[in-house]
Amino acid sequence: MTTDEATKPEGEVQAAALAERGEDITPAQDRGVLKIIKRPGNDDESPMIGDKVYVHYKGKLANGKKFDSSRDRNEPFVFSLGKGQVIKAWDIGVATMKKGEVCYLLCKPEYAYGAAGSAPKIPSNATLFFEVELLDFKGEDLFEDGGIIRRIKRKGEGYSNPNEGATVEIHLEGFCGGTRFDCKDVKFVVGEGEDHDIPIGIDKALEKMQRGEHCVLYLGPRYGFGEAGKPKYGIQANAELVYEVTLKSFEKHPINFSPFTTLQGCPCRWGRHLEVRGASILACWWVLCPTDVALSISLQAKESWEMDTKEKLEQAAIVKEKGTMYFKEGKYLQAVIQYGKIVSWLEMEYGLSEKESKASDSFLLAAFLNLAMCYLKLREYTKAVECCDKALGLDQDNEKGLYRRGEARLLMNEFELAKCDFQKVLEVNPQNKAARSQISVCQKKTKEHNERDRRIYANMFTKFAERDAKEAASKTGVEKEAEKATCAQGLETAGAGSKEAEGHV
């Protein structure tokens with residue numbers, strides 16, 4: 001070390017060493033972010049875009065002055081990689097790290113806080129020095145239920161996503177237990193992947209992907225092939241699956257009109273719009289000549305907020321039929337998606353006419369009842385009860401709503417509540433034999449449950465009594481020993497006193 005280096009603060013020496021020997025890790029190779037590994041990691045894998053990463057860090061200015069440290073707070077810093085939640089240098093640098101690695105990063109202003117700085121600690125155009133330790137990372141939980149974990153290998157383009165009903169073209173590879181069981185290019189409508197032997201989890205994940213994205217998806221049984229498995233591929237029941245998916249392209253309801261001559265007015269100098277209400281789609285085109293031409297019209301499935309009440313009611317009828325079709329085929333998750341659309345479109349719809357209000361309530365009632373049945377099949381009994389409650393809010397004496405809520409409560413071991421529901425069913429329809437039978441089941445289950453509780457408590461009290469008896473016996477023995485010791489001590493004391501008295505005499 002030279003005399004000048006010895007007089008410099010440690011931070012300045014580290015920054016100088018980084019500037020001299022650091023590896024340029026920027027995509028542009030402009031030396032905007034330089035890295036030196038202080039301690040190698042203990043894993044071969046690096047975090048991917050969208051992963052939740054856990055790091056400890058210390059940040060210093062180029063002069064060695066510390067401006068921040070997660071270690072001082074004794075709490076790791078957590079962020080999603082590649083999502084712009086941190087400075088650009090971090091998204092670049094942390095993506096190159098391995099679990100357990102500690103590295104130094106030297107970040108030029110354009111990869112940090114730039115000309116704006118970050119008052120009061122970071123001045124304008126500041127070069128920053130970081131020591132970063134990558135503690136852990138894990139994939140993005142798309143629906144926060146652990147069912148679909150995504151790890152992005154290549155980020156997609158733009159901000160648009162395929163919505164349910166869009167036509168997508170993808171390449172996929174499916175793996176189970178490390179063995180590949182599927183590999184294909186396929187074009188299908190989002191929400192109907194099952195028709196192509198694609199599990200519902202892929203449909204759900206596609207709605208969060210961008211064009212060109214390449215990702216790895218980890219599917220739990222609920223989003224895979226479920227209890228039925230997939231004999232065609234040799235997939236057992238409740239198997240966990242891994243898919244690599246590339247979204248090559250997507251379009252929302254493409255359609256061709258050829259020829260098309262029903263335009264009003266001459267459209268040869270401006271674009272015009274056509275609304276096809278029956279399909280709730282919006283078509284945009286540019287026509288150069290008013291004569292008969294073949295038009296390729298790109299149509300987009302409308303979002304909820306783009307549709308008026310009439311369109312929502314029209315679409316509700318369509319998705320209700322589609323949901324029923326899926327239910328009959330045993331594809332309950334797909335059916336839930338369809339019935340759920342009716343709820344999302346109509347539950348918070350206000351300002352309806354009397355006729356529209358009746359139609360809306362009818363669709364909502366059917367949707368809630370059908371959702372309850374789907375959740376019963378999926379063994380999600382709490383959700384089934386919630387849907388029945390909403391159905392009964394629309395029609396308090398609805399026989400199906402009462403019966404299905406009773407079924408769900410019975411399966412949740414809420415026997416008395418279930419019995420009340422089945423009794424209400426009989427009040428509505430005294431001829432309902434199924435409800436009468438279920439009341440007998442509730443009574444039987446209640447009796448069995450009470451007997452089991454009685455046995456448990458009897459055994460519990462017997463054990464308590466035995467323990468108390470042992471403690472009492474033990475206590476009695478100790479007390480007897482103590483009494484013997486006291487008596488012996490008393491005799492010795494008395495004997496000593498007699499001797500002393502004799503001596504004095």
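Lys 444, Lys 445, Arg 452 and Arg 455 form a surface patch of positive charge in this predicted model. Such a patch joins like charges within 9 Å, using residues with over 30% relative accessible area and no salt bridge. A salt bridge is a Lys or Arg side-chain nitrogen within 4 Å of an Asp or Glu carboxyl oxygen. Lys 444 sits in helix H12, residues 433-504. Lys 444 counts as exposed because its relative accessibility is 54%; exposed means over 50%, buried under 20%, and partly exposed in between, with a 1.4 Å probe. Helices are DSSP runs of H or I with at least four residues, and strands are runs of E with at least two.

The largest nonpolar core has 31 residues. A core is a set of buried Ala, Val, Leu, Ile, Met, Phe, Trp, Tyr and Cys residues joined through side-chain atoms within 4.5 Å. Ile 170, Ile 202, Leu 206, Tyr 243 and Val 245 touch the most other members. Among the elements that give two or more residues are strand S10 (167-176), helix H5 (200-206) and strand S13 (241-251). S13 supplies the largest share, five residues.

Most residues other than glycine have a negative phi, and most peptide bonds are trans. Glu 144 has a positive phi, near 55 degrees. Asp 197 also has a positive phi, about 60 degrees. Glu 144 is exposed at 72%, whereas Asp 197 is buried at 16%. A cis peptide bond joins Ala 119 and Pro 120, with omega about 5 degrees.

Residues are numbered from 1 along each chain as its sequence is written. Local features need pLDDT of at least 70, side-chain atom pairs count only at pLDDT 80 or more, totals for chains, interfaces and linings use all residues, and side-chain values use heavy atoms, without hydrogens and water.

Conventions:
Patch = residues over 30% accessible without salt bridge, like charges linked within 9 Å, V, L, I, M, F, W, Y side chains within 5 Å. Areas by Shrake-Rupley, 256 points an atom, 1.4 Å probe, with all protein chains shown as cover. Lys, Arg positive; Asp, Glu negative; His and termini not counted. Charge placed at Lys NZ, Arg CZ, Asp CG, Glu CD.
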